[in-house]
Amino acid sequence: MQWRGKQKGLVGISLGGDWGEPVDISNQKDIEAAERYVQFYLGWFATPIFHGDYPQVMKDFIGRKSVQQGLGTSRLPTFSPQEKSYIKGTCDFLGIGHYTTRYITQKNNPSSRGSSSYFTDRDLAELVDPRWPDPGSEWLYSVPWGFRRLLNFVKSQYGNPMIYVTENGVSEKMACTELCDEWRIHYHKDYINEMLKAIKDGVNVRGYTAWSLLDKFEWDEGYSERFGLYYVDFRNKNKPRYPKASVQFYKRVISSNGFPNQRELEGSPRNKQKCQSSCKVSETATDHSRVEGRLFIVPIHRFI
């Protein structure tokens, strides 16, 4: 503990978490399935850190399926009393990486030993609304209201810890280089707005970071999906970088620590020019988009 006295530092963890909404809010099985979705996703790691053990629903479902498979013990490991005491409370803040939401409904999956997995243990099915925008990754739909609900879930489940949003963004998957990425501006604007609503709900959000600064290697999708605020020309050996329209939007959010006043935007020379998308990268590409909406000034930290 010497570091804390000397450096006044904090230690936390960043976890991924998407929201699960019941398909039928009047159906108790769907409500319970949606709860399981979040507990198996975020709670799997967060609950031991904040409460010292795995979520009870994980222990119940995996334990029952392990018995049905003829196993002597649950496939979910058991913490010893010493381990529970050691890990509980080992987090000064919680980082959240959030991108999207799913509709969830109850679905009974087989319990045969050969077919068991994280996905079948949950006994649920994931659905999406075809009206949800999906500009890039096949798994990523823009569902801003789910963000507020996830943040409030963290507040109620874990005693309202300090939260830093460490990842939030949207990709593009297209042959054309869209420097005027208006869909990304809408995504960030809508998600930040839902985060601000959560703050007004009393959620202890301390900071927000957009994902990501640059286009980069995206897991098994390689360079085919671009999350960056800056376009990177990977075909050029020098890897030149060009600002997309979202850069100017995010800069204004940072400088205002919230959404800028509409009068400020209307007075900006950049907003008197028309935003045009292009299939050819230009070094002069800039953001000329206009942000609609009311002013929000909130006490969150600024991140670059």
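I started with Glu 172, which is buried at a relative accessible area of 3% (buried is under 20%, exposed over 50%, partly exposed in between, with a 1.4 Å probe and protein chains only). Salt bridges that share partners join Glu 172, Asp 181, Arg 184, Asp 215, Arg 226 and Lys 244 into one network (a salt bridge is a side-chain nitrogen of Lys or Arg within 4 Å of a carboxyl oxygen of Asp or Glu).

A note on sources: this is a predicted model, where local features need pLDDT of at least 70, side-chain atom pairs count only at pLDDT 80 or more, and totals for chains, interfaces and linings use all residues. Residues are numbered from 1 along each chain as its sequence is written, and side-chain values use heavy atoms, leaving out hydrogens and water.

Next I looked at the partner of Glu 172: Arg 184 meets it in a salt bridge at 2.7 Å, N to O. Arg 184 is buried too, at 0% relative accessibility.

I then turned to Lys 84, whose salt bridge with Asp 53 has its closest N and O atoms 3.3 Å apart. Lys 84 is partly exposed at 33%, while Asp 53 is buried at 13%.

Asp 201 was my next stop, and I found its salt bridge with Arg 148 at 2.8 Å between the closest N and O atoms. Here Asp 201 is partly exposed at 28%, and Arg 148 is partly exposed at 30%.

Last, I checked Glu 167, where UniProt places an "active site" in an unreviewed entry (such annotations may be inferred rather than shown by experiment). Glu 167 is partly exposed, with a relative accessible area of 25%.
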